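This report covers a pocket, the domains and the nonpolar cores of one predicted model.

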Amino acid sequence: MKVLIVTEKPFAPQAVQEIENIIENAGHTFGKLEKYTDKSQLTDAVKDADAIIIRSDIIDKEVMDAAPKLKVIVRAGAGYDNVDLDAATQKDICVMNTPGQNANAVAELVFGMLLYVQRNHFDGTTGNELKNNRLGLYAFGNVAKMVARIARGFGMPIYAYSPILTHDDLRKEGEYGVISVYSAEELFENSDIISLHMPLLEETEKCVNYNLLSRMPNPAIVINSARKEVINEDDMMRIMEERPKFKYITDIKADRHDEFVAKFPDRYFTTPKKAGAQTSEANVNAGLAAARQVVAFLKSGDDRFRVNPK
Ligand code: 3PG
């Protein structure tokens with residue numbers, strides 16, 4: 001069978017080599033399409049693929065239509081909002097992710113970005129520390145847990161709210177040292193820094209809105225290592241206009257990026273290209289997990305990380 005890596009943003013070479021070994025040792029043919037710039041390259045590459053390993057690559061119905069042999073798509077990473085799950089189910093294609101495999105890399109970047117912004121881009125002027133700032137984790141999955149672990153080292157009190165875990169479930173996560181709160185409103189009221197960790201779903205789209213942002217103390221920071229769509233950008237723009245000490249830090253460029261940069265050059269910061277999971281370690285962890293999942297699925301139908309209904 002043909003297994004293809006499809007990555008507009010490539011894995012580290014070491015990860016690619018090890019993925020290739022896993023695929024070929026299992027008796028499959030390996031191929032790759034990296035750094036493509038046009039969708040036609042993608043639709044052309046997948047035409048004889050039985051399996052594809054992807055990152056944030058958009059796999060919609062058109063791509064699946066171009067891949068009549070496709071049986072499995074593994075998203076080497078956590079979020080799978082880039083795959084049309086309904087189309088996959090209709091075509092009997094299994095979609096899986098590799099939960100947790102790149103979580104540490106994303107969590108470390110959260111602190112990298114926070115330090116960079118709080119130290120004024122290391123320009124020599126007086127900045128601020130993270131210690132004693134109350135950190136609010138909005139949602140509590142793998143990345144949030146890693147963020148909590150690191151935040152303890154910085155001496156930050158940590159609050160958490162999860163729309164899917166109950167208050168008691170969160171309280172039981174004692175090892176992370178988080179204070180569980182009852183609502184998103186309570187979280188924003190009690191946090192100097194909010195870090196976002198929810199997946200992009202219909203329910204989470206634009207969920208970070210004026211109602212929540214306006215509850216934060218002054219000064220305040222929102223840091224986004226999730227998806228740009230979870231932010232209501234109009235509301236973010238409004239709160240930053242109203243509050244001269246409000247900062248927005250994001251690993252995913254805002255839709256209104258140019259406007260944010262023009263209006264708030266010192267208070268809006270984004271990485272040039274989503275960098276959270278872009279470490280060799282995360283590439284190896286997620287890429288190899290994806291390769292093993294592909295091999296297991298093709299061998300025995302093992303779909304333990306399946307995310308689309310059958
Ligand atoms: C994820 O959902 O795992 C992260 O957003 C990483 O995305 P990337 O593989 O495109 O870097």
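## Pocket and domains

Domain 1 (2-101 + 279-300) and domain 2 (103-270) each contribute at least three residues to the lining of the second largest pocket. The domain bounds come from an automatic or database domain assignment. A pocket here is an open set of points on a 1 Å grid over the protein atoms alone, where a 1.4 Å probe fits, with protein on both sides within 12 Å along at least five of seven lines; lining residues have an atom within 4 Å of a point.

The second largest pocket holds about 640 Å³ of space. Among its 26 lining residues, Glu8, Ser56, Asp57, Ile58 and Lys274 are the closest to its centre.

## Domain contact

The C-alpha centres of domain 1 and domain 2 are 31 Å apart. Contact (heavy atoms within 4.5 Å) joins eight residues of domain 1 to five residues of domain 2.

## Nonpolar cores

A nonpolar core is a set of buried (under 20% relative accessible area, 1.4 Å probe, protein chains only) Ala, Val, Leu, Ile, Met, Phe, Trp, Tyr and Cys residues joined through side-chain atoms within 4.5 Å. In the largest, of 31 residues, Tyr138, Val222 and Met236 touch the most other members. A second, separate core has 29 residues, including Leu114 and Val178.

Leaving aside neighbours within four places in sequence, the contacts of Val222 include Ile194, Leu213, Met236 and Tyr248.

## Basis

Residues are numbered from 1 along each chain as its sequence is written. The model is predicted, with local features needing pLDDT of at least 70 and side-chain atom pairs counting only at pLDDT 80 or more, while totals for chains, interfaces and linings use all residues; side-chain values use heavy atoms, without hydrogens and water.

How values were computed. Points joined across faces, edges and corners; volume = space filled by probe spheres on them. Buried < 20%, exposed > 50% of the residue type's maximum accessible area, 1.4 Å probe, protein only.
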